[in-house]
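Please keep the sequence and the 3D view open while you read.

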Amino acid sequence: MRKCKVENIYTLLGEISKNAKLYIPVDQVNGAKFTEYAEGLTLSNALKTERSIKDFFFPQTENLVDFKVSGKIIEIIDNRSEMEDFVIFGARACDVRSMEILDRVFLSEPVDTYYANRRAHGIIISMACNRPAETCFCSTFGIDASKPAGDIVCYKGENEYVFEGVTEKGKNLLEKLNAVTENGGEDTAKIVQTEIKTILDKLPLKDVKADKFGKDKTDKFFNAPEWKTLSEACLGCGTCTFVCPTCQCYDIKDFNTNSGVKRFRCWDSCMYSDFTRMSAGQPRPTQLERFRQRFMHKLVYYPTNNDGIFGCVGCGRCLSRCPISMNIVKVMKKLGEGDNE
Amino acid sequence: MQKITREILIDKAAFLLSTGVVGSVFGWRAGEFDYDVTPALFTDKTDLKNNFVFGDFCGANVSKYLIKATKNAEEKILVFLKPCDTYSFNQLLTEHRFNREKVYVVGIPCEGMADVRKIKEKAGEGILKISSTEDGVIVDTLYNGTISLKKEDILLERCKNCKSKKHVAYDELIGEDGTVLENDRFDEVAALEAMSPEERFNFWQNELSRCIRCNACRDVCPACTCEKCVFDNPESGVENKAAYNSFEEKMFHIIRAFHVAGRCTDCGECSRVCPQHIPLHLLNRKFIKDINQFYGEYQAGEEVGSRAPLVNYTKEDIEPNDAVNKGDK
Amino acid sequence: MNNVKEPLIPSIGVITDVRIDTPDVKTFRVVTPEGKKAFLHKPGQCAMLSIPGVGEAMFSITSSPTNTEFMEFSIKKCGCVTEWLHQAEVGQQVTIRGPYGNGFPVEEKFKGKDLLFIAGGIGLAPLRSVINYVRANRADYGKVDIVYGSRSKDDLVDYNEIISEWMTDDGINVHLTIDREQEGWTGHVGFVPAYVKELNFTTDKTAILCGPPIMIKFTLQGLLEMGFEKTQIYTTMELRMKCGIGKCGRCNIGDKYVCKDGPVFRMDELEELPDEY
């Protein structure tokens with residue numbers, strides 16, 4: 001392990017930013033946001049950024065391809081730009097796990113090359129969660145907030161930051177930082193981990209269980225009467241989808257501009273009424289079906305297709321962002337109740 | 001903070017249910033924490049007793065839900081409305097959005113609702129419990145011990161400038177009715193007007209650049225009740241989920257503000273629900289201020305059936321040129 | 001499997017022929033600018049066609065894989081993209097990507113079997129590629145029956161090909177029907193499900209259904225009553241699609257993605273899916 005004194009962290013960040021674009025969490029008016037590093041910026045102390053690191057690999061809007069149309073002739077212009085090296089500093093355990101979930105979608109055949117390029121060019125430095133929030137329930141999905149995954153894992157102790165290279169590209173980056181780090185820090189990392197574990201045990205959602213869900217549970221939950229009450233207040237907005245680190249549905253849209261046609265990929269939401277609407281009809285006519293789709297996908301369909309891994313990481317963003325305070329924890333508890341007798 | 005307890009409301013609801021006056025109750029359902037309350041329809045008395053909640057986090061304006069709830073209801077629905085909710089209620093009736101006969105309104109007093117975001121800003125993450133005191137809340141936290149917060153520091157933005165404690169619609173009131181209040185709600189608008197056009201553009205550019213087009217503002221808005229919104233219609237040509245330039249978000253919000261102008265009661269739900277903390281209510285409030293200035297004081301939802309100045313010609317109406325000049329300062 | 005390296009970036013296709021099939025169906029022939037077939041495909045697979053600035057949509061490839069020169073798409077006018085295509089002339093370029101979907105198990109499951117194709121209206125389009133594939137590999141398959149119905153004689157897609165080619169083939173029986181009596185029509189009149197029952201097929205066949213949901217529903221009922229097993233019946237499904245590669249989430253139903261795991265489903269597999277189509 002390598003370490004650096006707390007007061008030297010900006011020197012280290014400066015060093016990283018020499019070779020790649022670096023994004024660090026910075027407090028903004030609407031909460032912490034990953035911001036491109038510049039001298040003078042201060043690291044946020046917030047537990048989570050408002051938006052997850054998904055944005056870096058699967059941006060909300062992305063120009064897929066351009067076309068020039070003249071008469072009957074079409075020209076295809078591939079002007080992609082996702083080949084730039086970048087580093088994200090301070091990703092939390094939940095967000096890092098979300099990348100594994102997105103990988104299984106975008107990197108499975110046929111590979112989404114836009115996403116794959118960004119994955120190849122991005123390095124994630126994760127940070128153990130010193131202060132988990134009451135809305136955190138990552139342990140439900142087997143995530144250890146005291147030991148996140150990532151290319152490099154970072155532990156913030158009282159006096160020093162400790163770094164551990166995990167992947168090949170993480171180790172390489174860490175080696176390049178030898179001038180601004182020194183050996184050691186194992187003790188600090190242990191102390192931090194122990195402290196975090198103590199707190200995890202006190203979290204109000206620590207007992208939320210997902211084990212009633214998972215592979216092949218479609219029949220069991222699809223027609224559950226509880227969906228009606230759970231979905232009745234849902235506004236059908238896309239907030240949960242957009243703040244969710246694992247939601248990845250998208251739309252493809254063309255825009256006519258003065259200089260030709262631009263084809264974009266943009267986030268979409270299964271909560272929206274037009275998501276599945278066709279000229280032939282609407283297979284999910286009410287909010288109940290749309291609401292059910294989102295949770296069934298995370299709790300049943302995704303695990304069925306992905307070795308039982310759930311499509312939720314327990315980051316709690318939907319818990320704090322939903323305008324009507326409906327969320328996956330309430331869904332899991334309510335649907336799970338029926339079984340407890 | 002709230003002077004009225006959930007027990008009083010549950011008793012009232014249980015009574016109206018058992019006497020057959022109503023068949024269901026629209027209110028708020030308790031969540032995992034003290035602050036994550038969900039609007040909900042109750043039909044079962046035990047469910048009501050166990051899960052109905054009323055407190056400082058019942059900010060959600062439930063009027064709009066009546067459109068959906070009354071559609072299939074055979075019996076009356078009891079709804080508890082705070083003073084500001086009753087304005088939306090009336091406005092919805094003015095627009096014939098649901099049948100008044102299907103609703104039994106119990107007006108309830110409101111001391112102003114709390115904003116959990118503000119509480120978190122002050123008390124930090126790790127909120128275990130929030131208890132109400134007369135003039136604020138006490139918060140138990142994981143990391144910062146127990147913290148007392150004052151009411152004025154934690155009120156929802158819209159409650160800081162409460163426009164009325166008076167119920168403009170009810171079948172029955174709990175407690176005494178309040179009055180329309182003097183307030184400073186147009187001060188922020190005035191501050192925006194005082195900016196140079198460039199400053200103002202930058203202000204909105206910066207605020208709206210955060211928009212993620214989740215549509216929560218529209219979906220929660222009691223004035224946005226079109227059965228099919230033009231922005232949801234792929235055939236309309238304006239259904240834009242991709243923000244391909246920074247103009248897109250502005251168009252959405254400005255068009256929406258125009259569409260609700262004269263109908264917006266200033267309930268503030270748009271800003272309350274925005275996950276990106278954009279002060280959307282300021283757009284609508286600007287329209288309200290202008291309408292007041294150009295056509296005389298008008299409060300949407302004050303009376304059922306009132307005609308908004310924008311759809312009601314009078315000879316005293318301001319000449320378009322004058323309006324343009326006044327707006328162009 | 002998808003043979004394109006950049007799955008979301010299309011290539012250029014040129015429309016080299018437009019055939020008017022019915023008042024609202026046209027068949028478009030598409031090749032690459034070099035005059036070649038854009039890619040190889042299996043019967044029942046689909047391709048994404050787009051007109052930049054108008055939109056992209058998924059269409060069944062109606063020509064047979066055994067056709068090595070071009071691809072054909074029979075397209076009914078029912079939305080932005082299709083309306084635009086219907087105005088297109090020969091020489092118009094479009095973009096094309098694919099192939100998508102599983103296609104019919106012509107090698108794995110259909111070989112050696114007697115086949116019963118049942119189609120309604122534009123539903124013949126996806127079946128046409130299978131039928132012509134089977135005709136091209138005639139020795140591999142048993143007897144073929146084709147029941148095809150439409151609103152009227154004018155709404156029968158591929159009518160000329162049916163009359164002049166399919167009906168003249170040995171071992172292929174074509175049973176046409178139209179919904180209502182029409183001047184100059186001497187064939188059968190009545191709905192497809194009823195006609196299927198009337199024809200009283202032996203239950204040793206593999207049935208392949210494609211058509212409007214209501215036709216599928218009643219035909220399926222009829223087949224089951226006649227003694228067919230669900231494992232003998234195949235159909236295709238249509239949901240809204242955008243990416244075609246099982247990622248955008250739009251056509252997700254249960255643990256399946258119609259664009260990737262479908263559009264062809266065996267009836268017993270289909271019934272395991274949540275009732276959301």
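A residue is called buried if 20 or more other C-beta atoms lie within 10 Å of its own, exposed if 12 or fewer do, and partly exposed in between, with the C-beta atoms placed from the backbone. Please keep in mind that this is a predicted model, in which local features need pLDDT of at least 70 and side-chain atom pairs count only at pLDDT 80 or more, while totals for chains, interfaces and linings use all residues. Residues are numbered from 1 along each chain as its sequence is written, and chains are lettered from A and ligands numbered from 1 in the order in which they are written.

**A buried lysine in chain B**

Is B:Lys163 buried or exposed? B:Lys163 counts as buried because 21 other C-beta atoms lie within 10 Å. Its place is the loop between α7 (157-160) and β8 (172-173) of chain B. Helices (H or I, at least four residues) and strands (E, at least two) are DSSP runs, numbered from the N terminus. Leaving out residues up to four places away in sequence, B:Lys163 touches B:Val180, B:Leu181, B:Asn183, B:Arg185 and B:Asp266. Here, two residues are in contact if their C-beta atoms, placed from the backbone, lie within 7 Å. Between the C-alpha atoms of B:Lys163 and B:Pro275 there are 24 Å, and these residues are 112 residues apart along the chain.

**Domains and a sheet**

Chain B is assigned domain 1 (6-114 + 164-173), domain 2 (117-150) and domain 3 (187-327); such bounds come from an automatic or database domain assignment. A distance of 34 Å separates the C-alpha centres of domain 2 of chain B and domain 3 of chain B.

Now look for an open sheet of 3 strands in chain B, with the order β5-β6-β7 and antiparallel pairing. Its edge strands, β5 (127-133) and β7 (146-150) of chain B, each pair on one side only. Two strands pair if DSSP finds at least two bridges between them. In general, strands of a sheet pair through backbone hydrogen bonds, either parallel or antiparallel. β5(B) and strand β6 (residues 136-141) of chain B are joined in the antiparallel sense over 6 bridges, and B:Ile127 stands opposite B:Thr141 in β6(B).

**Where chain B meets chain A**

How many residues of chain B are in contact with chain A? There are 34, and they meet 40 residues of chain A. β2 (38-42), β5 and α10 (216-220) of chain B each give two or more residues to this side of chain B. The largest share, 4 residues, comes from β2(B).

Most residues other than glycine have a negative phi, and most peptide bonds are trans.

| Residue | Phi | C-beta neighbours inside 10 Å |
|---|---|---|
| A:Asp216 | about 55° | 11 |
| C:Asn200 | about 50° | 7 |

A:Asp216 counts as exposed and is found in the loop between α6 (186-200) and α7 (218-222) of chain A. C:Asn200 also counts as exposed, and its loop runs between α4 (192-199) and β11 (206-210) of chain C.

There are cis peptide bonds to find as well. One joins A:Glu109 and A:Pro110, with omega about -10°, and A:Pro110 is in the loop between α3 (93-106) and α4 (113-121) of chain A. Another runs from C:Gly98 to C:Pro99, with omega near 0°; C:Pro99 is found in strand β6 (residues 93-100) of chain C.
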